[in-house]
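Here is a short report on one protein chain. Look at the sequence and the model first, then read on.

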Amino acid sequence: MKNPVKAETTKYLMLTVAALGLALRILLYSTGMDGRGLLVRFHWTSVALTVLTAAVLVAVFLGTRTVSGSQKCHAAYPASPVAAAGAFAAMAGIGITTVMGFAEFSSRLNLIIWVLGLCSAVCMGIAGFCRLTGKTPTFLLYAALCVYFALRMVSGYQRWSADPQLQDYCYYLLAYVALMLTAYQHAAFHTGVGRHRSVWFFSLMATYFCIVALKGATDIYLLLGCGIWAFTNVTKLRPRARLKTEKRADI
């Protein structure tokens, strides 16, 4: 079974279904509002988006559950201009969002997030340089990103929890959850305990949620840049037959 073919097909189909999900959200907010400016319950676009998201979860799980490849970082993360461009896009998105949020420190948590935003932009830049040159970065780069996404998720939830309309924030929340877990899986892989299937699953789900959440997003640059990073920085896979040959050669 050629796992890379199946996984790559799932990967590129993700862009299509994510664009469809974004279109449904746009339609929801343009045709699904009542006279009071509130979303109509069980509007067809809301139902369709929920069904689509559930189908995406199942499809990505089935499409990535058997992927395999080398557990060595230099083989799983080879030099790649495309992956480097994705990391630089995330660096730009995080950097722009952080600069735009300067002096908006309503709490100590927001100040910590702002400082971490600067650090995370630098981390993405270093990660991009490593992907460009084929060098293996320290897992601490991805660990810092994981913490940053987690704190942004917590800060966002504090604002969103008072909103009775779940559609207003659920995809933003899921985007940050997926980005946090994507960064965690990259960090885990660089410590020798990660798995290709986990990196692929969370990366593709992060891509989907980041694109769907773009409608009305206040941090659109971050979501767009990090969505590109998640899509372009999945690990390198190899056919199962080739892996078996390599293992026999190592023995």
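Predicted model: local features only at pLDDT ≥ 70, side-chain atom pairs only at ≥ 80, totals over all residues.

A disulfide is a pair of cysteine sulfur atoms within 2.5 Å. By that rule, the structure holds zero disulfides. Take C123 as a case. C123 is in no disulfide, and the nearest cysteine sulfur, that of C119, is 6.7 Å away.

**The whole chain**

Which kinds of secondary structure does the protein chain have? It comes to 10 helices and zero strands. Read from the N terminus, the elements run α-α-α-α-α-α-α-α-α-α.

Next comes overall size. The C-alpha atoms of the protein chain fill a box of roughly 70 × 40 × 25 Å along the principal axes. The radius of gyration is 19 Å, and this agrees with a compact globule of 251 residues, which would have a value near 18 Å.

Now the inside and the surface. Of the 251 residues, 50% count as buried. The accessible surface comes to about 12,300 Å², and carbon and sulfur atoms hold 69% of it. Contacts also reach across the sequence. Among contacts with a separation of 6 or more, 81% join residues 24 or more positions apart.

**Buried or exposed?**

Buried means under 20% relative accessible area, exposed means over 50%, and partly exposed lies in between. The table applies this to some residues.

| Residue | Relative accessible area | Class |
|---|---|---|
| C123 | 11% | buried |
| C226 | 0% | buried |
| T45 | 0% | buried |
| S80 | 18% | buried |
| L62 | 41% | partly exposed |

**Helix α2**

Helix α2 spans residues 44-64, and L62 lies in it. T45 is found in helix α2 too. What does T45 touch? Leaving aside neighbours within four places in sequence, T45 is in contact with L24, L27 and L28. T45 counts as buried because its relative accessible area is 0%.

L62 has another setting. At 41% relative accessibility, L62 is partly exposed.

S80 sits in the loop between α3 (73-76) and α4 (81-100). At 18%, S80 is under the 20% limit, so S80 counts as buried. Which residues does S80 meet? Setting aside neighbours within four places in sequence, S80 is in contact with R131 and L132. Then there is G134. S80 and G134 are 54 residues apart in sequence, yet their C-alpha atoms are 7.3 Å apart in space.

**One salt bridge**

Side chains of opposite charge can pair when their charged atoms come close. How many salt bridges does a search of the whole structure find? It finds one. The side chains of R152 and D219 meet there, at 3.4 Å from N to O. R152 lies in helix α6 (residues 139-160), whereas D219 lies in the loop between α8 (196-212) and α9 (220-232). The pair therefore ties together parts that are 67 residues apart in sequence. Are these two residues buried or exposed? R152 is buried, and D219 is buried as well.

Note on methods: Residues numbered from 1 in each chain as written. Heavy atoms only, no water. Helix = DSSP H or I, 4+ residues; strand = E, 2+ residues; numbered from the N terminus. Buried < 20%, exposed > 50% of the residue type's maximum accessible area, 1.4 Å probe, protein only. Contact = heavy atoms within 4.5 Å. Rg over C-alpha atoms; globule rule 2.2 N^0.38 Å. Areas by Shrake-Rupley, 256 points an atom, 1.4 Å probe, with all protein chains shown as cover. Salt bridge = Lys/Arg side-chain N within 4 Å of Asp/Glu carboxyl O.
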